[in-house]
Amino acid sequence: MRTVDEYLAECLAVAEPLPPFTVILDDAVGCIVAEDVRSLVDVPQADLSGRDGYAVRVADLLGATREAPVTLPVLEEIRADNVAASSLIPGAVTRISSGAVLPRGAQAVVPIEWTDQGRAEVQIFGMVSEGDNIRRQAEDLAAGEVILPAGVRIGSRQIALLASAGHSRVLVHPSPRVVIIAIGDELQEPGLPATHGKIFDANSHALATAVRDIGGTVYRVGSVSDDKRELRELLEDQVVRADVIITTGGLSYGGGDTLKEVLSPLGSIRFDNVAMSPGRQVGVGKLDDATIFCLPGSPVAAWTSFEVFVRPALRKMAGHNHIFRRSIPARVLRGWESPVGEQEYVRGVVAGNPTDGYRVEPAGDPQRPLLTGMSEANCLAIVPAEQTTVAVGDVLDCVVLNR
C-alpha cells in the first residue's frame, strides 16, 4: 500500500513538460509561454496624439479661456494613417486625429471639445500643459523589453500584447493531447434507452470535461469492451495521437477486468493500491511515448483520483508553474468517521472569507461516494490517514474547486 504523497510523486515524475514549439497567435491561446518574449518594436513607435483635437505649442495658448479664446490658423490636418513627416511652426496649430503621429515641435494636444472645431482657423477655449493628451514613444513597450516571461498562460490580453509588439508567432509548451477511454462491457452511451444490466458511461464525459477545463486537447473514445483483443487494438491505435491516455475501469481483481493483463506486454505500467478514499486502485506509466493513467471505474473515485494525481501531472506537462489547486483551512460544521489508515477526500461545501475564516461541511454522506454529493461540492476536504474521527470544530485543508 502506497501513500498519496508517494504515488503523486510518481505521477509527477513521469509527466515531463512537453517539448516546446512555435505556433501562430491564434493557436497559442491557453498555452504556456516557453521562453521570455521581448518586444520587437517600441509601442507606440512614435509620439502620438491621444485625442482628436489640435496639436499646439503651449506658449501659443497663454490666457485662453471660454470667455477670451485664442484664435490660431490651422496649417494642415493629420489623420492616423498619415505617414508623412510634418512640423508645427509657432503661432499655428495642426488638426489631428487620435492615434496620428504628432508633428515635430508640437508640445500638447487640445481636445476638440475645447474648440469651435474650425478647419481654416480655430478658436481654443482653454490652456494645456506640455505633454497633455500625448502618447509618448515607447511609453507602453520599449524594443527589446521582456513583455511576457516564461511560464505565463496566454489569453486574449496576452495575444493583444504579443501582436502589438510585432509577434505573429510564439514559442509555447503545447497543451497535452489526451485520449479518454472508459472500459467495461456494462457501459453504454447516455441517450440510449436504459437497459437491464447496463449503466451509462459518466466517466469518459466527466474526465473529458476535466481535461478541457485545464486546456488539454481531448479525444474521448467513450466506452470499450473488456475483450482483451479489442482493448489491445484500441490502445495501440490511440497511442499514436496521444501525449496522455487516461483509462477508467478495468482494474478489479476479478476475471472480467482485463486492463492489467492487456497493458503488461505493451508498456511499463505500474499498478498500485494507494491508501486513499475514495479510490485505491490506480496505475501509471508509459505506453510507447505516451503517459498513461489508469483510474478506478467508480465515477466519484475516478474523478477524485483525477483531481489528486492526474490534474497536477497534466498541468506540469503543459508547462504551468503552479500545478496544484488552491487550498484553504476550514472549520468543520458536521463530523463523521473516516476510514482507518486512508487519506480521505470528502466532497464538501466550503463558505466564509479570509477575515472571519472558512467553514466546511460534507456534501451528502462522506461514507457514500454518490454523484449527487460530488455535483454539489465546491471543495475536497482532506482528512489525514492517521485521523479516524472528524469532529465539529476540527480544521481541515480544503482543496477549492472551480464551479
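Asn133 is placed in the loop between β9 (121-124) and β10 (134-135), where strands, like helices, are DSSP runs numbered from the N terminus (E for strands, at least two residues; H or I for helices, at least four). Although Asn133 is not a glycine, its phi is positive, at about 60°. This is a predicted model, in which local features need pLDDT of at least 70 and side-chain atom pairs count only at pLDDT 80 or more, while totals for chains, interfaces and linings use all residues. Residues are numbered from 1 along each chain as its sequence is written, and side-chain values use heavy atoms, with hydrogens and water left out.

**Backbone features**

- Asn133 counts as partly exposed because its relative accessibility is 23%, given that buried means under 20% relative accessible area, exposed over 50% and partly exposed in between (1.4 Å probe, protein chains only).
- Asp288, found in the loop between β20 and β21 (290-295), also has a positive phi, of about 55°, although it is not a glycine.
- Asp288 counts as exposed because its relative accessible area is 55%.
- Val43 and Pro44 are joined by a cis peptide bond with omega of about -5°, and Pro44 belongs to the loop between β3 (37-38) and β4 (48-49).
- The peptide bond leading from Ser277 to Pro278 is cis, with omega near -5°, and Pro278 sits in the loop between β19 (276-277) and β20 (281-287).

**Negative surface patch**

- Asp185, Glu186, Asp227, Glu230, Glu233, Glu236, Asp237, Asp288 and Asp289 form a negative surface patch.
- Patches are made of residues with over 30% relative accessible area and no salt bridge, with like charges joined within 9 Å and nonpolar side chains (Val, Leu, Ile, Met, Phe, Trp, Tyr) within 5 Å; a salt bridge is a side-chain nitrogen of Lys or Arg within 4 Å of a carboxyl oxygen of Asp or Glu.
- Asp185, one of the patch residues, lies in the loop between β13 (177-183) and β14 (187-188) and counts as partly exposed because its relative accessibility is 40%.

**Contacts of Asp272**

- Asp272 is part of strand β18 (residues 268-273) and counts as buried because its relative accessible area is 11%.
- The side chain of Asp272 makes a polar contact of 3.4 Å with the side chain of Arg2, a polar contact being a pair of N or O atoms within 3.5 Å; within protein, one must be able to donate a hydrogen and the other to accept it, and residues adjacent in sequence count only if both atoms are side-chain atoms.
- The side chains of Asp272 and Arg270 are likewise joined by a polar contact, of 2.8 Å.

Note on methods
Areas by Shrake-Rupley, 256 points an atom, 1.4 Å probe, with all protein chains shown as cover. Lys, Arg positive; Asp, Glu negative; His and termini not counted. Charge placed at Lys NZ, Arg CZ, Asp CG, Glu CD.
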